[in-house]
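Here's a quick walk through one model. Have the structure open and follow along.

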Amino acid sequence: MLKTGSGKSKKLYLRSRMTNIDIKEIKYLLETPKFIVVVPHKNPDGDAIGSSLGLYHYLKSKGHDVVVITPNDYPEFLKWIPGEDTIIKHESDTVKANTLIENAELIFTLDFNALNRTGSMEPNLVAAKGIKIMIDHHQLPEDYAKYVYSDVSMCSTSEMIYHFLEMLDDVNAITSAIATSLYVGIMTDTGSFSFNATTSTTHRVVADLIDKGANNAQIHGNVYDTNTYDRLQLLGRALNNLKVIPKYNTSYISLSQDELNTFNFKKGDTEGVVNYALSLNKVNFAVIFIEHKKEGIVKISLRSKGNFDVNVFARNHFNGGGHLNAAGGRSELSLKDTLEKFISLLPNYSKDLNS
Ligand code: 5GP
Ligand code: MN
């Protein structure tokens with residue numbers, strides 16, 4: 001849909017597909033070589049990097065000049081995906097990244113719903129003249145892009161990239177590099193195809209990605225079987241710190257900066273740890289609190305089973321958001337005060353947590 005001005009009146013997030021006019025216009029834009037920047041959210045995860053690189057390889061194969069710019073660094077377990085070594089990190093290569101953003105004719109923003117999710121890149125993206133195209137599955141997308149493909153029912157942005165290529169009638173252009181990148185995103189954002197949003201369509205997409213060259217066993221191993229001894233010891237500490245509040249079917253884990261230092265914490269080391277808290281029998285709400293002294297915040301990851309909406313909880317109390325069953329947020333209070341605040345909120349949700 002071609003958007004006008006602020007577009008405030010248009011509830012674009014209710015649409016699950018781009019219109020034929022959108023597609024026609026995007027096809028036209030992609031007919032001639034362009035300089036294209038692809039941007040995922042800060043602290044990019046498997047879906048953010050997978051969808052970005054999948055789209056990167058596709059656009060390159062069509063003759064465009066393409067660069068993926070991430071706001072900051074990402075976990076080691078993603079540093080093998082084809083094309084990963086071309087990614088520019090805004091945090092460490094700011095001047096270059098800003099020039100590229102300024103010169104971009106097209107800017108794809110992937111796997112996020114609000115420009116502030118790009119951290120320090122936000123002002124540059126706001127000022128950028130390039131035509132913006134958002135592809136994302138988070139709730140309540142902001143209205144900054146000319147073209148919006150937003151579908152909150154989707155398991156991952158990577159699956160959406162596949163559907164985007166379907167809309168462009170170009171699924172046959174999927175190479176093994178594209179298939180591998182998208183497979184990483186779908187696998188990680190679905191918890192290896194276990195979460196609710198994993199549909200029969202997801203499995204059909206994944207089947208096709210395997211046919212087109214994604215090596216499923218190898219990809220799984222590359223992402224999940226690369227633990228360091230320190231990381232497993234940190235997991236041990238996290239499990240030791242696990243607390244359960246049976247009255248609210250809630251569990252939580254905290255990790256202090258000192259604990260992270262003890263186990264030589266590296267980005268990605270705590271990824272997935274919150275799922276252990278959620279795996280507890282009878283628990284429908286699980287949270288991990290991780291102290292980041294340097295940034296002066298506590299990073300929070302929230303997960304739920306069933307109808308308890310962690311997106312709303314994160315949005316209302318911890319400056320965050322995400323999805324019904326998986327969200328993130330942050331607190332500027334100390335770790336101790338953050339935990340106290342969290343515990344004091346639970347009685348307000350007693351009914352939801354017990355249903
Ligand atoms: P995680 O806990 O793994 O960092 O994030 C879980 C989900 O919530 C992901 O889909 C992530 O993109 C989203 N998310 C994490 N932090 C934030 C945030 O601060 N704001 C919003 N809107 N979404 C977030
Ligand atoms: Mn995602």
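Predicted model: local features only at pLDDT ≥ 70, side-chain atom pairs only at ≥ 80, totals over all residues.

N319 sits in the loop between α12 (310-317) and β11 (321-322), and although N319 is not a glycine, its phi is positive, about 55°. For background, most residues other than glycine have a negative phi.

You'll find K282 in the loop between α11 (274-278) and β9 (285-292), and with a relative accessible area of 65%, K282 is exposed. One more positive phi, near 55°, turns up at D169, which follows α5.

That brings us to helix α5 (residues 157-167) itself. How many of the residues of α5 are buried? The count is 10 of 11, so this helix is mostly covered. Among the buried ones are T157, M160, H163, F164, L165 and M167. S158, E159, I161 and Y162 are buried too, and these four meet L182, G185 and I186 in α6.

Now for how the helices pack. Two packed helices are described by the angle between their axes and the distance between the axes.

| Helix pair | Angle between axes | Distance between axes |
|---|---|---|
| α5 and α6 | about 135° | 7 Å |
| α6 and α8 | about 60° | 10 Å |

The angle of about 135° between α5 and α6 makes α5 oblique to α6. Likewise, α6 and α8 are oblique to each other, and their crossing is right-handed.

Which residues coordinate the manganese ion (ligand 2)? They are D47 (OD), D111 (OD), H137 (NE2) and D189 (OD), at 2.2 to 2.4 Å. Along the chain, these donors follow the spacing D-x63-D-x25-H-x51-D. The H137 and D189 pair links distant parts of the chain, as the two are 52 residues apart. H137 lies in the loop between β5 (131-136) and β6 (147-150), while D189 is in helix α6 (residues 176-189). Are these two buried or exposed? Both H137 and D189 are buried.

Last stop: helix α3 (residues 94-103), whose buried residues are A97, N98, L100 and I101. Why do they end up on the same side of α3? They cover an arc of only 160° around the axis, and that puts them on one side of the helix. On the face of α3 turned away from its buried side, you get the exposed residues V95 and E102. And what covers the buried residues of α3? The cover includes the strands β1 (35-40), β2 (65-70), β3 (88-89) and β4 (106-110), along with the helix α4 (122-127).

Key. Residues numbered from 1 in each chain as written. Chains lettered and ligands numbered in written order. Heavy atoms only, no water. Donors = N, O, S within 2.8 Å, 3.2 Å for Na, K, Ca; no water. Buried < 20%, exposed > 50% of the residue type's maximum accessible area, 1.4 Å probe, protein only. Arc of directions from axis to C-beta. Contact = heavy atoms within 4.5 Å. Axes fitted to C-alpha atoms, helices over the stretch in contact; angles between N-to-C directions. Parallel < 35°, antiparallel > 145°, perpendicular 65-115°, else oblique. Left-handed = near helix turned anticlockwise from the far one by under 90°.
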